[in-house]
Amino acid sequence: MQITSSRQAAPNQDLILRAQQGESESIAWLFERFQPGIFRYLYYRLGDRQTAEDLTSEVFVRMLRSLSGYKTQGASFQGWLFRIARNLAVDYFRQSGSNAELSEDMQTAEQSPEAALEQSLTHDELRKALTRLSSEQSDVIILRFVLGLHIAQVAQVLGKSEDAIKGLQRRSLLALREVLSNW
């Protein structure tokens, strides 16, 4: 079986169908392709490496349990996984009863569209500023500028229209600027 070697490639319907049929090589490819982004998202949201690793594992356990029900005509596979991750993060915050302080040992994210944002902010400043934004505002900043997702992908993850995401992104950036200007 030939699987595209590019880690940036989106899974095609055939690959997802093979994974749905239990083909281990296809499932492994999906894990390898999406695990780093899911982990980074959860790490930025939660700030705790161990919790992010645990919840990343849970995302893929849930993927395996629900893979047979995934429809390729609906949301993108990546959007589906990020929605699972977001729901797990929301559940974690509900159960912990806090908006946990982000940790200090975050690894540098890969260079992508967030480069301009990260050049002007240290990770520490960004983490602290994100804790002062609403959950949706933090999500849109992390998904767009840390993970480099497109507007359409963020819309799928957050269950909103692209226009709503554009507005939310604008408000989030304004709120982030306001938070940073008060420091």
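Trainee: The expected span of a helix is 1.5 Å times one less than its number of residues. With that in mind, how far does H4 reach from its first C-alpha to its last?

Mentor: This is a predicted model, and in it H4 reaches 29 Å from its first C-alpha to its last. The helix has 20 residues, and its reach is close to the 28 Å expected at 1.5 Å a residue.

Trainee: Which residues of H4 are buried?

Mentor: The buried residues are Phe77, Gln78, Gly79, Trp80, Leu81, Phe82, Ile84, Ala85, Arg86, Leu88, Ala89 and Phe93.

Trainee: And what covers the buried residues of H4?

Mentor: The cover includes H1, H2, H3, H7 and H8.

Trainee: What happens just after H4?

Mentor: Gly97 follows there, with a positive phi of about 70°.

Trainee: Stepping back, what does the secondary structure of the protein chain come to?

Mentor: The chain has nine helices and zero strands. Read from the N terminus on, the elements run α-α-α-α-α-α-α-α-α.

Trainee: What percentage of the 183 residues is buried?

Mentor: Buried residues make up 47% of the 183 residues in the protein chain. As for contacts with a separation of 6 or more, 65% are accounted for by residues 24 or more positions apart.

Trainee: Let us turn to H3. How many residues does it have, and how far does it reach?

Mentor: Helix H3, residues 49-66, has 18 residues and reaches 25 Å from its first C-alpha to its last. That is close to the 26 Å expected for it.

Trainee: What do the buried residues of H3 pack against?

Mentor: They pack against H2 and helix H4. The residues concerned are Thr51, Ala52, Leu55, Thr56, Val59, Phe60 and Met63.

Trainee: Why does Thr56 count as buried?

Mentor: Its relative accessibility is 3%, and buried means under 20%.

Trainee: Which residues is Thr56 in contact with, leaving aside its neighbours within four places in sequence?

Mentor: On that basis, Thr56 is in contact with Gln35, Ile38, Phe39 and Leu42.

Trainee: A change of topic: how many salt bridges does the structure hold?

Mentor: There are seven salt bridges. As background, side chains of opposite charge can pair when their charged atoms come close.

Trainee: Which residue forms a salt bridge with Asp14?

Mentor: The partner is Arg18, and the closest N and O atoms of the pair are 2.2 Å apart. Both residues lie in helix H1, four residues apart, which is about one turn of the helix.

Trainee: What about Arg45: which side chain meets it in a salt bridge?

Mentor: Arg45 meets Asp139, at 2.8 Å from N to O. This pair links distant parts of the chain, with Arg45 in helix H2 and Asp139 in helix H7, 94 residues apart. Both Arg45 and Asp139 are buried.

Trainee: Staying with H7, what can be said of Ser138?

Mentor: Ser138 is placed in helix H7 and counts as buried, at 3% relative accessibility. Apart from its neighbours within four places in sequence, Ser138 is in contact with Arg45, Leu130 and Leu133.

Trainee: Lastly, H8 and H9. At what angle do their axes cross?

Mentor: The axes cross at roughly 100° and come within 9 Å. H8 and H9 are therefore roughly perpendicular to each other, since angles of 65 to 115 degrees count as such.

Trainee: Which residues of H8 and H9 meet?

Mentor: Ile151, Ala152, Val154, Ala155 and Leu158 in H8 meet Glu162, Ile165, Lys166, Leu168 and Gln169 in H9. The residues of this contact divide into seven nonpolar, one polar and two charged.

Note on methods
Residues numbered from 1 in each chain as written. Predicted model: local features only at pLDDT ≥ 70, side-chain atom pairs only at ≥ 80, totals over all residues. Heavy atoms only, no water. Salt bridge = Lys/Arg side-chain N within 4 Å of Asp/Glu carboxyl O. Helix = DSSP H or I, 4+ residues; strand = E, 2+ residues; numbered from the N terminus. Buried < 20%, exposed > 50% of the residue type's maximum accessible area, 1.4 Å probe, protein only. Contact = heavy atoms within 4.5 Å. Axes fitted to C-alpha atoms, helices over the stretch in contact; angles between N-to-C directions. Parallel < 35°, antiparallel > 145°, perpendicular 65-115°, else oblique. Nonpolar A, V, L, I, M, F, W, Y, C, P; charged D, E, K, R; others polar.
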